[in-house]
Amino acid sequence: MHRFFLLPLLALLLIAPAFAQSGETPRARHVVLFLVDDLGWQDISVPHHTEITPFNKRYRTPHAERLAREGLVLRHGYASAPVCTPTRTSIHSGRSPARTHITYWTLYADRDQTRPWKRGDGSSLIAPAWDLNGLGQEDATLARIFSDAGFRTIHAGKAHLGAIGSSGEDPLNLGFDVNIAGHAPGGPGSYYGLHGFRSNGRQGKPGKSVWDVPGLKAYHHHDVYLTEAIAMETCRAVREAARDNKRLFLSFAPYAVHAPIMANKKYLQHYPDLDSKEAAYATMVETVDHALGALLATLLDEGMLKDTLFVYTSDNGGLSAHGRGGERHIHNAPLRSGKGSAYEGGVRVPWIIRWPGVVQQGTVSDEPVISHDLYPTMLAAAGVSLPKDEGRDGVDLAALLRGEDLRREHPLLWHMPHFWGVNGPGIQPYSALRQGNLKLLFFQGDGRIELYDVFVDPGEAQDLATERPAETRRLAQLLAAELQRRGAQSPRLNGGGQPLGVLAALAKMQR
Ligand code: CA
């Protein structure tokens, strides 16, 4: 008698794990990072402010609107840094720039692109000895871990994760199985296939330059926009992954909407009231949205979309200090300033997350999140073990995605001890943190501390540092502790010596 029972019981025990996998804790079979370059907080038609803005009405992004309808909009979502490489390397390493020491954008190995910051007394602030090469083949990148777990790992578009002459210049050395048009530089020579995507082609000259987009030869001499070419190649690679029955980790990072601002002429008719520069910019945004639509359609067609964690965001705030049409520093309004700045315009960016069965459709959250949260979030969502590492700064956003409270032990932190080289509000070497609704900024060059309630004052118009001394003190002390905990490097003065640290600046301010 007992033998008859034993076999079915064993069979049940053996298949139990399969039930658990498809039970209450869903796992994303596929993970997609859709990382637009330099896309500002107001650069899409999905509202991220408490009200619909003129910019929301200007831009045409129906596919981003669909993502928002089917997912979660994070209105207080941030980039890890106000420029490209530190944010990108933070996403792929799970560490804040303060910890990676990749605190500025990279180009050539061992060459610093930082400009000195001129102080009021005539001396200059210079950058610390930071990691000039970016990520390398030794790093436990997202792609490396997903690849080791059997995923097809695809990078498409701008990489900008490692410098020319270092291993990280090639995404294939960072764990990607497929690389479509990605390399070290952070901008394309041209967006036009007719130019061969070359900067000399843009100027009507022969010859190569470092900014020439690699690959995509089949599109050269054709009237095709770079974002479209990258999207077509990506959709093909996604279909191949589906055909091979592979789980997918896709890093889709169009070079757009980074400079050079070049119109996709077929959409110019949509923007008759804008100046030529802003109209061109709007067509770049619209072209990215068409790429999003093509990618979503391909994932749906291949039966993958229902099992995909899809994250849409940007690597820094919108360009506003130069190169745009109209008045400067207001392209991210109501936020202050833009790319390169410590203020919200430099780091607050669109964030939309779609994950069927986990994220409730059409929801909005004001919980602050930051780019390097994506590393643990994506791995955990896919059920892939995270590497043992005490030095990770990102937190798994799973609770927030389920609609529950997110527990975060440490504040959001920014640290860029570099001057971007263009003048504008908040475009200075700085460190900052956000805890709750408050954001404390420390400008390293002149030892200035500012405090804002960015929940009620997203434009950072009213500095509360003098008015609320106890909170200023508490947050300045927290900033000092966080910088130390993460091993952040401080800038120096030319000719030797150190500028005031945040605690000394606090003491001077409150004596
Ligand atoms: Ca960027």
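**Entry 1**

I count a residue as buried under 20% relative accessible area, exposed over 50%, and partly exposed in between. I used this cut-off on D110 first. Its relative accessible area is 61%, so D110 is exposed. I then noted its backbone: phi of D110 is near 60°, a positive value in a residue other than glycine. D110 sits in the loop between α5 and β4.

H101 belongs to the loop between α5 (97-100) and β4 (117-118). It is not a glycine, yet its phi is positive, at about 65°. Is H101 exposed, partly exposed or buried? With 23% relative accessibility, H101 is partly exposed.

I looked up its confidence before going on. The mean pLDDT of the protein is 94, and 95% of its residues reach 70 or more. Residues 1-25 are another matter: pLDDT stays under 50 there. For that stretch I found 0 contacts beyond four places in sequence. Where pLDDT is low, the predicted coordinates should not be read in detail. I left the stretch alone.

**Entry 1: the sheet**

I traced the strands next. An open sheet is formed by 8 strands, in the order β7-β6-β8-β1-β9-β10-β2-β11, with mixed pairing. Which strands stand at the edges? They are β7 (178-180) and β11 (363-365). Each has a single partner strand, so one side of each lacks a neighbour in the sheet. From one strand to the next, the twist averages 15°.

I followed β6 and its partners. β6 and β8 are parallel and share 6 bridges. β6 also runs parallel to β7, joined by 3 bridges. β6 is mostly covered, with 6 of its 6 residues buried.

Then I turned to β10 (residues 351-354). It pairs with β9 in the antiparallel sense over 4 bridges. It also pairs with β2, again antiparallel, over 2 bridges. I352 is the bridge partner of Y312 and also of V73. T313 stands opposite W351. I checked both faces of β10, and both are covered. W351 and I353 are buried on one side, I352 and R354 on the other.

**Entry 2: helices on the sheet**

α3 lies across β2 (72-74), β9 and β10. It runs at about 60° to β10. α9 packs on the sheet too, touching β1, β8 and β9. The direction of α9 makes about 175° with that of β1.

I also looked at α8 beside α9. Their axes come within 9 Å and cross at roughly 10°. The two helices are therefore roughly parallel to each other. Which residues of α8 meet α9? They are T227, E228, A231, T234, C235, V238 and R239. On the α9 side the list includes T287, A291, L295 and D301.

**Entry 3: the cores**

In soluble globular proteins, nonpolar side chains tend to be buried together. The largest nonpolar core has 58 residues. Inside it, L216 and Y312 have the most contacts. Elements that each supply at least two residues include β1 (30-36), α3 (62-69), β6 (152-157), α8 (226-243) and β9 (308-314). Which element gives the most? It is α9, with 12 residues.

I listed the contacts of Y312, leaving aside neighbours within four places in sequence. Among them are F34, V36, L39, A64, L67, L292, W351 and I352. A second, separate core has 37 residues, including A143, V349, W355 and L374.

**Entry 4: loops and cis bonds**

I found a cis peptide bond from A259 to P260, with omega near 5°. P260 lies in the loop between β8 and α9. A further cis bond runs from A333 to P334, with omega near 15°. P334 is placed in the loop between β9 and α10 (344-347).

K266 also lies in the loop between β8 and α9. Its relative accessible area is 44%, and K266 is partly exposed. Last, I took a distance from it to E467, 201 residues apart along the chain. Their C-alpha atoms are separated by 53 Å.

Technical notes:
Residues are numbered from 1 along each chain as its sequence is written. This is a predicted model: local features need pLDDT of at least 70, side-chain atom pairs count only at pLDDT 80 or more; totals for chains, interfaces and linings use all residues. Side-chain values use heavy atoms; hydrogens and water are left out. A nonpolar core is a set of buried Ala, Val, Leu, Ile, Met, Phe, Trp, Tyr and Cys residues joined through side-chain atoms within 4.5 Å. Buried means under 20% relative accessible area, exposed over 50%, partly exposed in between (1.4 Å probe, protein chains only). Contact means heavy atoms within 4.5 Å. Two strands pair if DSSP finds at least two bridges between them. Axes are lines fitted to C-alpha atoms, for helices over the stretch in contact, and angles run from 0 to 180 degrees between N-to-C directions. pLDDT is the predictor's confidence in each residue, from 0 to 100. Angles under 35 degrees count as roughly parallel, over 145 as roughly antiparallel, 65 to 115 as roughly perpendicular and the rest as oblique.
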